[in-house]
Amino acid sequence: VHRHLPRRRTDARPGAPRGGLRRPGLRARSLRPAHRAGAPHPGLSCVLGGDPGSGSAIDLPADFSQAAWVRFDALPSSGSARNPRILQKSSSTSAAGSYYLSVRTSSAPGVLSLRLKFGGTTFTLDGVRTLTTNRWYHVAAVKEGSSVRLYVDGVQDGPTFTVPAGAPDANNDPLYLGESPSNSDGALDGAIDDVRLYDRALTP
């Protein structure tokens with residue numbers, strides 16, 4: 001039984017992505033980052049285009065956790081690199097069933113932001129901790145029942161949000177890392193490592 005997010009691997013060759021999406025069924029229980037000092041080795045952005053349809057590993061269930069290590073080289077408030085996406089389902093945020101974990105920079109000073117849709121209604125949930133450039137953060141979003149919490153470096157970021165208790169809207173679109181291809185924003189300038197999706201609510 002995994003109780004913490006796994007420690008960074010030491011067998012990866014330089015420049016190679018590691019970690020990856022965790023399929024439903026893993027019994028991880030904790031979202032505490034494995035370490036805080038030092039950076040994990042940078043991964044590479046990618047597109048996961050193999051969503052097989054209803055119930056796939058990249059559709060969110062009623063309880064879920066999203067987690068990643070991320071470092072920003074820039075956090076602009078305008079241009080294509082504003083509001084950088086850590087992960088985004090669908091090429092456009094206007095698509096039914098899209099969701100994202102991002103950093104909102106256009107209307108806030110660089111805060112973690114989660115967007116979900118329930119029955120066509122959009123919920124955008126923002127943290128309060130200001131994120132900066134040139135350092136690694138472990139970020140996470142956790143939904144348990146009707147409660148959603150954001151975390152930065154294992155500490156809750158902002159209030160506990162209330163959303164519908166069921167699963168967010170779903171679709172058959174790809175999952176993008178570090179990009180929002182059909183929007184005028186969302187291009188992440190930095191690095192992402194060890195992106196994980198869990199079918200349960202992790203705890204600190």
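1. F123, at 24% relative accessibility, counts as partly exposed.

2. Before going on, a word on the model. This is a predicted model, in which local features need pLDDT of at least 70 and side-chain atom pairs count only at pLDDT 80 or more, while totals for chains, interfaces and linings use all residues. Residues are numbered from 1 along each chain as its sequence is written, and side-chain values use heavy atoms, with hydrogens and water left out.

3. Back to those two rings. The structure holds one aromatic pair, and F118 and F123 form it, edge-to-face, with 5.5 Å centre to centre and 90° between the planes. Rings of Phe, Tyr and Trp (its six-membered ring) pair if their centres lie within 6.5 Å; planes under 30 degrees apart count as stacked, over 60 as edge-to-face and the rest as tilted.

4. Now look at charges over rings. The charged end of R85 sits over the ring of Y100, 4.5 Å from its centre, and R135 lies over the face of Y137, at 4.0 Å from the ring centre. The rule is that NZ of Lys or CZ of Arg is within 6 Å of the ring centre and within 35 degrees of the ring normal.

5. What is the overall make-up? The protein has zero helices and 12 strands; helices (H or I, at least four residues) and strands (E, at least two) are DSSP runs, numbered from the N terminus. Of its 204 residues, 46% count as buried.

6. W69 is found in strand β2 (residues 64-72) and is buried, with a relative accessible area of 7%. W69 and R196 are 127 residues apart along the chain, yet their C-alpha atoms are separated by 9.5 Å.

7. Finally, find D157 in the loop between β9 (155-156) and β10 (161-162). D157 is buried yet has no salt bridge, and the nearest side chain of opposite charge, R129, is 6.7 Å away. A salt bridge is a side-chain nitrogen of Lys or Arg within 4 Å of a carboxyl oxygen of Asp or Glu; Lys and Arg count as positive and Asp and Glu as negative, with His and the chain ends not counted. Still, the backbone nitrogen of R129 lies 2.8 Å from a polar atom of the side chain of D157.

Methods: Buried means under 20% relative accessible area, exposed over 50%, partly exposed in between (1.4 Å probe, protein chains only). A polar contact is a pair of N or O atoms within 3.5 Å; within protein, one must be able to donate a hydrogen and the other to accept it, and residues adjacent in sequence count only if both atoms are side-chain atoms.
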